[in-house]
Amino acid sequence: MAVAVAKRRRVGGGLGSERTREALVGYGFVALPMAFFLLFFIFPIGYAFYISRYNWQIFKGPFVGWDNYRTLYHDSVFWSHAVRNTLVYAAFVVPLQMALGLTLAVVVNQGIRFRTFFRAAFYFPSLAASAAIAAIAIYILASDGLFNTILHHLGYEHSNAWFAQQSTALPSIIGLNAWTTSGTIMLFYLAALQAIPMDVYEAAAIDGAGAWRTFRKITFPLLKPGHFFVAVVSVIGAVQMFDQSFLIGGASGGPNYSTLTVVLYLYNQAIGNIKFGYAAAVGVVLFTFIFTVTLIQRLLFGRAEVT
Amino acid sequence: MDVERAQPALVGDELLLEGEGASTKGSTGIPGRERGDRIRRAIAYAVMFLVAALFAIPFLWSVSTSFRTLADTVAGFSLLPRHWTTSGYHEAFHTFNFGKYTLNSAIIAGAITLSNLFLASLGGYAFARLKFPGREVLFMLVLGTLMIPDQLRLVPIYLMLVNWIPSWVGHLGWHNASLVNRNGVILIQLVSATSLFLMRQYFLTIPRDLEEAAKLDAAGYFKTYRKVMLPLAGPALAAVGILTFQGTWNALFWPAVLLQDKTQYTIPIGIANFIGAYQTNWPPLMAASVLAIVPILVIFVVFQRYFVAGIASAGVKG
């Protein structure tokens, strides 16, 4: 009898049918995650914009329209330090990490022993806590640290702490992050490299092309979708840089704003100065920028591919 | 990024190791190539060992310093500690509270990992297997959240955790307390789009026959999920668990926004605070760094292959 009931249910269409039950259970199973995403991801987009139109400090103040954006437009610390540093950082770190990542990928893609070990070793800095890596970097780049000691033995004298000097702080962070992120970029490129069909290499070998020529004329151009994907991901990551500036430069992005980034500035305005309306405006501007980059990528190249 | 097509090989070999890759070596049959290949491989070895050494030196140096005395760190260069001591660790644990911070990190990362495993597997099962109107739209919405940067969410979430949610909870009769603390950090990371995506993709690859059998058994959907699907989803659960744990163990941003009470600091926030306050007391600082790194290193060495799954959706963080 139970079988008969089940059969009737399956063919029936109304409430209580198998299909309705499945749908209800489906909604039930995704209800918690969906509520979570709506509350903590979708809703905050609109709420951020709403907050940005108020003079909102500890408590919600009067509606000020576009005033926060106008203030931001004339904010010299924002433009001449936060934005400038972020752009300089991105302009250097993106090509550096791409070059380093591609080099590592090509090298570990050779058919040699211990590949597993090398790939793992190169990837690991990407996985370690940024706080720990920053602490180690501060130690190594301290005035009497390992790096200056090595420089001394090589005949160069440098006695300042690299992160403590206005002129070297940001470049040091660029070098540090090019290193830690290169492992991730390596994996992206490795996937792209392995998608290149073998026969093009065989054709090149028959033509007698050397290793460097093969790389320059074949591998590099064929990696174009990979380059583009990696570049976009890197740029989006770079304009959101926060950790190293926060850890090394402190909340103010010191010394003298030299490591202040857009996100650190936003953090300071919100958590340090309790200017929520203003900080929300910074967030909206940053989001618009990142969203535009993503959109341009989609328009120009359709759906980007990882492999 | 097109997440749909970036489906990672969850049960793949270690770090994309399949095959010989695009190496041009081997049976080209061209005379003289053998020697060129050998030279090339020798160069590759040399470069790799050199780079691997460069990558390893900072970590080894920090381990070496964590076993030194403070006096030893300023006494000029020596590869190994002149006097081995664990006082750096002792100080880190007791004087600078890293024992407490380690516990806090474990609680936060552990809670978020467990909740991701449950919510993502249940939701992933529904998105992969159950038919309900609007399923595709809802799933696209989930993937869309990957494009929303944390920075945009900072102010709204902060205000929600200070005001709204505590007052809602207060209406339900629970005590009305701010969530700008450890509970808030956990609450806003209960599940991630990445976790949900990975689980759904994995469930899609499981053959349907087994569920059909369960259906004939008249087992409910939850029972099918728990008794049939979950036991088969080991690799996906491992990947989600490992990636979530690694991400939240290392995380700086949300803890920096939400943790204000020192007793709730995580290791990264503890390190940030230490750097600001006692910068040149190197042995405990390096001990704290080793403490932050070692659990992830162990997980990485044991479960390497699952980490690859994450790169497709994780992006590049500085």
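Reader: How much of chain B counts as buried?
Author: Of the 318 residues of chain B, 44% count as buried, meaning that 20 or more other C-beta atoms, placed from the backbone, lie within 10 Å of the residue's own. This is a predicted model, in which local features need pLDDT of at least 70 and side-chain atom pairs pLDDT 80 or more, whereas totals for chains, interfaces and linings use all residues. Residues are numbered from 1 along each chain as its sequence is written, while chains are lettered from A and ligands numbered from 1 in the order in which they are written.

Reader: And what is chain B built from, helices or strands?
Author: Chain B has 14 helices and 0 strands, taken as DSSP runs (H or I, at least four residues; E, at least two).

Reader: How many residues of each chain take part in the contact?
Author: Chain B gives 95 residues and chain A gives 99, where contact means C-beta atoms within 7 Å. On the side of chain B that touches chain A, α1(B) gives the most, with 15 residues. That side of chain B divides into 67 nonpolar, 16 polar and 12 charged residues.

Reader: What follows α13(A)?
Author: Ile274(A) follows α13(A), and the phi of Ile274(A) is positive, near 50°.

Technical notes:
A residue is buried if 20 or more other C-beta atoms lie within 10 Å of its own, exposed if 12 or fewer, and partly exposed in between; C-beta atoms are placed from the backbone. Two residues are in contact if their C-beta atoms, placed from the backbone, lie within 7 Å. Ala, Val, Leu, Ile, Met, Phe, Trp, Tyr, Cys and Pro count as nonpolar, Asp, Glu, Lys and Arg as charged, and the others, Gly among them, as polar.
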